[in-house]
Amino acid sequence: MTRSRRTAAIRLAITLGGVAWSLTAWSLTACSSTPPATSAVATPTPPPAAPSPDAIDEPLALATFDAAWQQVHDGHFDPTFNGVDWIAVRAELRPTAAQARTNTALRAILSDMVSRLGQSHFEIIPADAYVDFEDVEVELEVEVELEVELEVEASVLERSEPEVVDRSSREEVASSTSESPADRSAPISDRPGWLGFDARICGQEVVVVRVSEDSPAALAGVLPGDVIVRIDGRPTDRLRPMIERASESAMLRFEANAMVGGSLARLEGESVELSLRSIDGTERTIDVVAATMPGEIVRFGNLPPMVVDVRTRALCANDLSAIGLAPCGGDVVGMVGFSVWLTAINPRFDAAMDEFRDSLGVIIDLRGNPGGIGGMAMGLGGHFFEEPVSLGTMKTRENSVSFRVNPRRSDSSSRATTPIDRPVAILVDEMSASTSEIFAGGMQEAGRARVFGRTTPGAALPAVMVRLPNGDVFVAAMADFVTPKGVRLEGRGVVPDEIIELTPEVLSSGADPDLRAAAKWILEQWGEPEGDEQTGEETDEETDEETTILSVPSS
């Protein structure tokens, strides 16, 4: 695989929900060739080199620049462009764009242009991110059932269904431990790989926060609470400037964590060498080989193919006891999480709601979910409301769309039923963006869910995707979004009702602190005692007052 193809595939692995973050610190640069030495002996003149696939001429560069600039000029929801003189920006940068001779250089100019707006959901997705996956033959139909009421002409929204082009499952990874690192480092396809763990910035360090059961990371010995000291021999200390800036805003935390995620992205079959520091201070170095990404590979609109994964789990008494809780009886707490908001998740989410309808409560895990189709927040929300309710309003320059939820009164088998009336908890973190924020913020403000975790990035602007003349795709915000009480989520994010700070010490216990807090709250709604795993004693922590964090608009 060529270097550019590998870079594109890694970029694809971290390009989700209409937000693509350019990880310049980890970008791969082309190597320049050394000119041949001169000689007195005449040598045949070599044929002219083929033009670089990254090359671009002036007319195409200007056409691409003009198309991106015009899209913002005509489609931005704010006619003042967030206080930016958009005409002056064009006059300043267009001459520079005319001099660009590579698409890479032009993308840097376009990124500079849209960065002047200071808003999320503006990004250039390179054409080479649209790699074709191998062995893609299966095509499945996905039924879209979104019960929505749009208070605007249909032309405002372009509705298209995703095409599920492949379904993959986790491959056996235990046998790969006998291979040498050199053998394991070669990718076996252009598919994004799966390491099976999540890392986040905690304080000033990069820390493993979750490890999936039976994943490559788990089999290699990666543990929650491990501090990542080096990645492929490169110290994570070099990310310190970005890490230090992450404390300034939720959006910067998102960018910093995206950079960490990009540094860990691997293609299927590639390995990563991790130097880890345990809670006791000892260090070890291990190799983790990326397996097949679990889930379905889905194509939607102008986005590159994305992997959609849905995880469901019924937390029984033994599961709750394992995280320090002591429920009475045999009831369960239902849990469902998914990787991105695309309609391929609908059948499994609906089935999970049928399964958990009579449970003690439902936990929806949106940690790491970067968003997707905004309208899906309405369809999924219908499972939890007895009466119609609005999750907020999307405002374009000329129109508005109410994200109105209608109750779901039939189950996944079309049998009559009623919406779920059990407690709902939502887990979010620094990487829960876009539609995840719209859903969590709307459910929170409506008083239908309690939110746990860490403040979301505030990247909540609906966007369109436009193909540019050079083949790249321009992601451009086309609307603002406010909650029913008028709160703008952009730049502010969703503030959890219970903020849970992560540390290596807390994580090394093995219990998921976000999950534990959410399950504890659900049990308390039923009067279930919360006990200590070691002592069996009940605790008397106060949880009787709920706070509606989103009731006051940000300044």
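Three bridges join β3 to strand β24 (residues 473-477), and the two strands run antiparallel. Strands here are DSSP runs of E of at least two residues, helices are runs of H or I of at least four residues, and both are numbered from the N terminus. Two strands pair if DSSP finds at least two bridges between them. Within β24, F474 is the bridge partner of I124. The model is predicted: local features need pLDDT of at least 70, side-chain atom pairs count only at pLDDT 80 or more, and totals for chains, interfaces and linings use all residues. Residues are numbered from 1 along each chain as its sequence is written, and side-chain values use heavy atoms, with hydrogens and water left out.

The pairing of β3 with β24 belongs to an open sheet of three strands. The strand order is β3-β24-β23, with antiparallel pairing. β3 (123-125) and β23 (463-467) stand at the edges. Each has a single partner strand, so one side of each is left without a neighbour in the sheet. From one strand to the next, the twist averages 25°.

Helix α2 (residues 58-75) lies across β23 and β24 and runs at about 20° to β24. Axes are lines fitted to C-alpha atoms, for helices over the stretch in contact, and angles run from 0 to 180 degrees between N-to-C directions. Contact means heavy atoms within 4.5 Å.

Two packed helices are described by the angle between their axes and the distance between the axes. The axes of α2 and helix α3 (residues 86-99) come within 9 Å and cross at roughly 160°. α2 and α3 are therefore roughly antiparallel to each other. Angles under 35 degrees count as roughly parallel, over 145 as roughly antiparallel, 65 to 115 as roughly perpendicular and the rest as oblique. The crossing of α2 and α3 is right-handed: the near helix is turned clockwise from the far one by less than a right angle. Contact residues of α2 include F65, W69 and H73, and those of α3 include W86, R90 and L93. By class, this contact of α2 with α3 has 10 nonpolar, one polar and four charged residues. Ala, Val, Leu, Ile, Met, Phe, Trp, Tyr, Cys and Pro count as nonpolar, Asp, Glu, Lys and Arg as charged, and the others, Gly among them, as polar.

Helix α4 (residues 103-115) also packs on α2. The axes of α2 and α4 come within 11 Å and cross at roughly 20°. The two helices are therefore roughly parallel. α2 passes α4 in a right-handed crossing. A61, T64, F65, A68 and W69 of α2 meet L106, I109, L110 and M113 of α4. This contact has eight nonpolar, one polar and no charged residues.

Most residues other than glycine have a negative phi. N82 has a positive phi, near 55°. N82 sits in the loop between α2 and α3 and is partly exposed, at 41% relative accessibility. Buried means under 20% relative accessible area, exposed over 50%, and partly exposed in between (1.4 Å probe, protein chains only). D232 also has a positive phi, of about 55°. D232 is found in the loop between β9 (227-231) and β10 (234-235). With a relative accessible area of 38%, D232 is partly exposed.

V288 lies in strand β12 (residues 283-289). V288 is buried, with a relative accessible area of 0%. Beyond its neighbours within four places in sequence, V288 contacts residues including L195, P216, V222 and L274. V222 is 66 residues from V288 along the chain, and their C-alpha atoms are separated by 8.8 Å.
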